[in-house]
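The sequence and the structure come first.

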Amino acid sequence: MSVEAANDVGLWKFENCPHFADAHAGCNIYAIMNVDRLHQLLKGVFKDHTWEWMVDFLKNIYGAEKTLELIDERFFALLRFSDIHQFGHKLTRVKQWTSIEFKDMLKVWLAALAPLLKGHPNHLKFLKSVTDFILITGYHSHTETTLRYLQDTLHGISRNIHLFLPYRHNQSISKIPKIHSLFHYIECIKEMGSADNSDTKVSEAAHKNLNKDGYRASNKVDYIPQMLRWETR
């Protein structure tokens with residue numbers, strides 16, 4: 001949305017609005033920020049990074065078009081079973097994903113991609129470490145044992161993530177905030193409780209419905225300003 005459009009709607013600036021930090025001068029902002037499994041792990045580490053790196057790696061082995069066909073075939077060949085999503089035969093052609101689809105992919109991608117990674121065990125170990133980390137952080141409660149499991153998966157990620165350096169445009173992973181966040185999960189869980197307490201999927205559920213209602217109330221042309229007006233009524 002452009003600055004001009006926001007100004008027209010009237011939501012670009014709030015005059016005479018006190019700043020949050022003015023009343024919390026001694027607050028450590030880093031100590032009040034909790035982890036977010038949905039955006040940091042499922043969308044960030046899993047889909048935006050690990051999945052994309054793995055697809056690029058496979059393209060180097062099988063070629064670009066052949067890789068997409070093989071991935072589609074592998075996911076399409078998954079057997080029907082309770083709570084296992086059937087992805088159809090055009091998985092790689094989907095442009096937009098939801099958190100539910102991220103979780104469904106996470107359940108089966110090791111089994112689906114393992115045959116394509118034959119002869120590359122360390123790449124598969126990296127996928128397993130990422131998968132274990134995301135699943136363990138979803139526990140409703142933790143013990144010292146589960147946190148040790150989480151630390152072990154971090155070691156596995158650290159040992160093998162260098163394999164994907166060639167698929168980063170700057171040949172570095174040191175400046176990826178969502179990868180860096182992995183190393184703060186254990187500390188955050190100890191201080192603030194299990195990570196599912198701060199997962200934004202709860203607020204996302206309400207956000208999704210409000211967006212849909214606002215869009216339906218518009219005339220579908222230049223709909224963002226109309227949705228903002230609808231929200232403020």
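Is Val130 buried or exposed? At a relative accessibility of 2%, Val130 is buried; buried means under 20% relative accessible area, with a 1.4 Å probe and protein chains only. This is a predicted model, in which local features need pLDDT of at least 70 and side-chain atom pairs count only at pLDDT 80 or more, while totals for chains, interfaces and linings use all residues. Residues are numbered from 1 along each chain as its sequence is written, and side-chain values use heavy atoms, with hydrogens and water left out.

Val130 belongs to helix H5; helices are DSSP runs (H or I) of at least four residues, numbered from the N terminus. The C-alpha atoms of Val130 and Leu41 are 9.0 Å apart, although 89 residues separate the two along the chain.

His49, in helix H2 (residues 37–62), is buried as well, with a relative accessible area of 14%. The table gives the contacts (heavy atoms within 4.5 Å) of both residues, without residues up to four places away in sequence.

| Residue | Relative accessible area | Touches |
|---|---|---|
| Val130 | 2% | Val45, Thr50 and Ile157 |
| His49 | 14% | Gly44 and Ile176 |

Helix H5 (residues 121–137) also pairs with helix H4 (residues 99–113): their axes come within 10 Å and cross at roughly 165 degrees. H4 is therefore roughly antiparallel to H5, a term for angles over 145 degrees, where axes are lines fitted to C-alpha atoms over the stretch in contact and angles run from 0 to 180 degrees between N-to-C directions. Among the residues that meet are Trp109 in H4 and Lys128 in H5.

Key
Helices (H or I, at least four residues) and strands (E, at least two) are DSSP runs, numbered from the N terminus. Angles under 35 degrees count as roughly parallel, over 145 as roughly antiparallel, 65 to 115 as roughly perpendicular and the rest as oblique. Buried means under 20% relative accessible area, exposed over 50%, partly exposed in between (1.4 Å probe, protein chains only).
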